[in-house]
Amino acid sequence: MLRLTLRNLVARKVRLVMSTLAIVLGIGFLAGVLTFSHGLGATFDNIIEGSTSDALVRTEGEVSFQASGAGTTKLVEPQVIERLRELPEVEAADGSVDGVGAYLLGEDGKLVGGTGAPTLVFNYYDSVNVAGDPILILESGQWPDQPGEINLDESSAERGGYEIGDEVTLLLPVGELRKTFELVGTSNFNGGGTAGATLALLETSEAQAVFLGGQDAYTTVALTAADGVSQTELADAAKTVLPDGFTAVTGQKVIDESDEQIGQFLDVIGYFLIAFAVIAIVVGAFIIFNTFSILVSQRVRESALLRALGASRRQVTWSVLVEAFFMALLGSTLGLLLGLGLSRGLAAVFRAQGLDIAGEVLVLTPTTVIAAYVVGIGITMIAAFVPARRAAKVAPVAALRDDLTVQEKALGRRRILLGTIALLVGAALMGAGLIGAPGADAAWIGAGAVIWVITVAVMAPVLGHPVLVACRAAFDKVFGTTGKLAGENALRNPRRTGATASALMIGLAVVSAVGVLAASLSATNDALVDREFRSDFLVQSPSFQGFPTKIGDEMEQVDGVGTISRMQGSVALVKEDQDFVMGVDRAFARIYELDMVRGTQDISGDQAILSESKAGDLDADVGTQVPVAFPGGQTVDLEVVGIFEDTPITGGVTMPISVLEDAGLRRNDSTLSINVAEGADVGEVQAALDKVVEDIPVVTVQDKEGFSELIKGQVNQLLFMIYGLLALAVIIAVIGIVNTLGLSVIERTREVGLLRAVGLSRRRLRLMITLESITIAVLGAVLGLVVGLLIGVALRQSLSDDLTELALPLSSLVVFLVIAVVFGVLAAIVPAVRASRMKVLDAIATE
Amino acid sequence: MTEQPTGGAPDGVAASAHDLVKVYGTEEAEVRALDGVTVDLMKGEFTAIMGPSGSGKSTLMHCLAALDTPTSGEAVVDGTSLGRLKDKALTNLRRDRIGFVFQAFNLVPTLTAKENILLPLDLAGKKPDPAWFDAVIDAIGLRPRLGHRPSEMSGGQQQRVACARALVSRPSIVFADEPTGNLDSTSSAEVLGFLRRSVDDFGQTVVMVTHDPVAASYSDRVLFLADGKVVDELREPHRDAILERMGALSDAATSKAG
Ligand SMILES: Nc1ncnc2c1ncn2[C@@H]1O[C@H](COP(=O)(O)OP(=O)(O)O)[C@@H](O)[C@H]1O
Ligand SMILES: [Mg+2]
């Protein structure tokens with residue numbers, strides 16, 4: 001029996017390759033995603049562990065990887081470092097000057113690394129990490145040891161087009177805007193790469209001049225433990241000599257903090273990618289199911305013969321399952337290899353976005369290998385089980401019958417009833433989500449959506465019938481007999497057509513649901529911008545980093561500028577929870593009139609206004625005191641004087657900018673709102689403002705339309721990324737069409753011969769097969785787009801707090817339909833050419 | 001040169017073979033399925049081709065019907081030499097001037113009887129001549145079944161539909177390869193009777209491959225094939241005469257093998 005099974009496999013090479021391809025692609029995607037996620041984690045782990053010293057002295061209340069803001073002005077004096085060095089537990093104490101919010105300009109004046117990954121600027125010192133290895137490795141040239149010298153990480157130097165000896169320009173968040181340095185060398189974090197971040201190392205006094213206004217002081221101190229001293233002992237000892245407002249933490253704590261923050265971000269990426277792998281695998285499962293169904297129905301005679309010769313049902317079932325097993329084994333193995341390549345492709349995509357992953361960490365881990373085989377073999381066996389059972393049900397007498405294949409029956413009444421019930425259950429779940437049943441609305445709708453997609457996939461032969469009939473009628477009209485034959489072919493085995501189309505349907509359902517959400521998001525943003533963009537111009541950095549106040553100073557001097565309002569954001573602990581607070585100047589009230597629920601918008605001194613939702617979160621109201629702790633350890637009690645309706649104009653906790661300054665934060669601006677003076681020409685003013693930031697690509701001046709476009713661009717970027725990931729599922733579905741058509745053509749060899757004998761030309765034969773393919777594609781697309789549309793609308797409804805507008809991406813849907821037709825045409829190429837190459841006589845002679 | 005005047009050949013030849021040779025395989029495994037066949041098939045005649053299994057009957061028919069290309073020699077249908085025609089021209093020739101009836105699997109399962117009958121005309125984009133269509137349908141006697149699909153008809157009915165399809169485009173010649181091979185004697189008689197009438201009443205030309213003497217006795221002329229050669233011929237055949245010739249042929253074959 002096993003030998004027969006293996007013979008079957010070898011004898012059907014082409015079919016084998018095509019159906020295996022579905023497994024290869026699905027598993028390849030899964031393995032690629034897992035490998036990539038692992039590599040991503042490993043990259044950050046290596047960097048974090050490789051760049052953390054035994055212990056770190058920092059200001060109290062500060063957290064590693066602080067996202068934004070100009071940081072504190074509270075500094076470590078050199079005497080403190082001297083005192084630390086004298087401790088017996090301390091082997092070395094190195095003062096560090098860290099600057100955030102800086103950018104590196106390339107030789108062409110463009111930003112290096114975009115605005116995604118951060119640029120870390122600090123002074124060079126030769127400290128070691130927790131493992132006792134140097135934190136930084138010199139790749140070429142030398143370390144900076146003179147003011148005016150700079151050392152960049154290798155990849156940034158390359159991306160910026162810089163060679164040693166070149167002039168390198170940095171954009172700085174405080175003080176001077178641009179400063180140039182001489183490149184003296186390149187380096188890397190120990191542990192490989194920088195994950196896309198830009199490293200810029202300066203000589204210590206230069207770093208102090210740039211970031212600390214020339215004070216001889218440091219922002220943090222890296223401590224190295226003496227022999228035999230633990231991290232905790234080191235940190236505890238250091239604490240005894242630290243002034244108020246500073247603390248020492250162990251290297252392990254720094255690593256844990258970093259892991260936690262980075263980990264969340266990596267998990268999101270990981271789950272996001274795995275979701276697409278799951279879609280691809282489900283689509284692949286449909287194709288495997290379909291392929292085996294067809295193979296089994298074509299082998300009815302052989303199965304019957306086996307049964308007639310005494311094979312038991314179980315043996316026939318097993319022979320099919322064993323065939324599936326070997327296919328899955330082969331497919332999963334090839335999938336793993338493909339996954340390795342794919343993970344590199346993903347890494348390249350992310351690299352282009354500024355997230356650099358070294359090739360060395362992209363390796364197949366045992367977990368990935370096991371997952372790939374378990375999923376690959378499991379899914380294939382499950383998909384092949386039903387067809388295998390069907391093969392075993394063939395009566396031995398079928399061996400004697402003349403008709404070659406047993407027509408697969410249309411769906412029975414019972415199935416239709418069950419399907420209808422399932423659709424209703426799905427609808428009920430979605431309804432429950434929409435009317436706000438307990439728990440997350442989106443979870444209810446998601447569960448309903450999954451039931452819908454699966455049910456529609458299974459019921460495609462019934463639900464799709466009108467589409468098939470419409471296609472037949474249309475093709476008959478346009479292409480005559482050839483079109484009618486094609487339409488009939490798609491209809492003759494609705495189950496097969498339906499199952500093939502289902503694979504495409506799943507992909508397109510997700511595409512159109514995502515499309516609805518994205519269109520609604522864009523529409524919501526448009527409405528929001530329309531309502532809330534109230535100044536003539538906004539000056540911001542796309543990454544919402546701060547920029548020097550000098551820009552605002554210069555803009556104030558521009559002719560025609562009427563009012564200019566500055567805002568500065570900062571991380572802070574509000575009632576002990578991390579938050580992002582906003583400081584605004586007095587001019588703010590002249591540009592923005594907030595919709596006040598209670599109290600007043602006017603703030604001065606230690607006062608604050610809260611958004612309605614934030615007031616709810618904090619359980620605060622007008623008159624309440626809210627404690628806000630700033631980086632550097634200062635805590636200020638702010639009196640709430642007003643509650644405003646939620647708005648994106650300002651943060652949930654808004655206070656006078658002076659509060660931030662008094663708390664020791666260095667001033668910079670995160671947003672400037674500008675109104676032109678009465679009678680001034682808006683276009684001229686914009687041109688003049690643009691000129692101010694001409695050399696500073698991180699800061700842009702935008703009017704309403706520009707801002708709207710910017711946001712739309714960001715939404716679209718995400719959307720295209722999702723579409724890109726879904727493309728794989730669609731490609732797998734197209735392979736399914738190729739497979740089904742190919743098998744159908746083989747099955748209909750005699751019919752093809754007959755048609756050719758009575759006068760069907762090669763060209764028209766190809767047309768016939770192409771039209772059948774288009775019918776399948778259109779069926780999948782129509783079902784998918786309709787289901788996706790419904791799901792998207794329901795999801796949007798459940799998210800209506802955030803997505804206030806509903807928009808249907810109708811033109812995109814038409815585009816998808818057209819793309820589906822194109823895919824249909826492409827899928828038909830190989831089967832059509834094969835069919836038209838068949839010799840008329842061979843076709844007739846085939847028994 | 002390739003396109004000789006259509007029809008109206010003075011000698012009334014519908015199709016002819018000139019020294020046709022068809023070789024399958026190479027060297028050791030070489031089979032001469034046709035070994036120099038020269039024959040004229042006359043217009044308005046019902047010709048039967050007989051011979052032992054493997055004697056080359058089907059191969060001869062395929063070569064004459066533009067379904068296969070001979071290794072050497074020339075096949076002419078309705079005055080057109082097939083030798084140098086490309087696939088497209090061959091397709092058109094089959095569609096417009098040749099009718100086919102195969103032993104089995106004659107009908108497209110997705111089409112109704114009527115659609116199957118009209119298929120060659122539809123493919124050519126032509127309208128049927130209503131009077132001719134009616135005459136053919138009445139002759140096969142399946143008018144009430146026109147809307148049925150092949151799966152809803154018996155084998156004999158299916159073969160009669162196939163015959164109607166072969167005739168409806170008024171081809172110059174109809175080729176039938178064992179059209180009754182799968183049928184019982186009653187159904188066979190219906191199909192053969194119909195072919196006979198199409199020659200008598202409509203002046204059709206029919207060439208039929210068969211190994212059944214009863215079937216051959218419906219014809220005007222029987223050609224006997226053995227080892228890829230035409231070895232004998234009978235006019236106005238009777239069943240007994242046919243049986244006798246067949247007997248002689250198979251005796252010859254046995255003695256040669258022995
Ligand atoms: N496609 C083919 N390949 C090889 N040999 C063939 C092929 N078709 C027919 N033959 C051989 O040619 C000879 C004549 O076949 P055929 O014309 O089918 O005989 P008939 O129809 O008289 O039984 C036989 O010996 C057969 O084995
Ligand atoms: Mg034969």
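Around ligand 1, the shell is made up of four nonpolar, six polar and one charged residues, where Ala, Val, Leu, Ile, Met, Phe, Trp, Tyr, Cys and Pro count as nonpolar, Asp, Glu, Lys and Arg as charged, and the others, Gly among them, as polar. The model is predicted, so that local features need pLDDT of at least 70 and side-chain atom pairs count only at pLDDT 80 or more, while totals for chains, interfaces and linings use all residues. Residues are numbered from 1 along each chain as its sequence is written, chains are lettered from A and ligands numbered from 1 in the order in which they are written, and side-chain values use heavy atoms, with hydrogens and water left out.

**Exercise 1.** Find the residues around ligand 1 and state which element supplies the largest share of the shell.

*Solution.* Begin with the list, in which a residue is near the ligand if one of its heavy atoms lies within 4 Å of it: Y24(B), V31(B), A33(B), P52(B), S53(B), G54(B), S55(B), G56(B), K57(B), S58(B) and T59(B). Next, turn to the helices (H or I, at least four residues) and strands (E, at least two), which are DSSP runs numbered from the N terminus. Both β2 (31-42) and α1 (57-64) of chain B supply at least two residues each, and the largest share, three residues, comes from α1(B).

**Exercise 2.** Describe the polar contacts of ligand 1 with G54(B), S55(B) and S58(B).

*Solution.* A polar contact is a pair of N or O atoms within 3.5 Å; within protein, one must be able to donate a hydrogen and the other to accept it, and residues adjacent in sequence count only if both atoms are side-chain atoms. On the backbone, a polar atom of G54(B) is 2.7 Å from an oxygen atom of the ligand, and one of S55(B) is 3.3 Å from an oxygen atom of the ligand. For S58(B), a polar side-chain atom lies 2.7 Å from a ligand oxygen.

**Exercise 3.** Give the strand order and the edge strands of the open sheet of four strands.

*Solution.* Two strands pair if DSSP finds at least two bridges between them. With antiparallel pairing, the order is β2-β1-β4-β5 (chain B). The edge strands, each pairing on one side only, are β2 and β5 (80-81) of chain B. Finally, check one pair: β4 (residues 72-77) of chain B is joined to β5(B) by two bridges, and V76(B) stands opposite S81(B).
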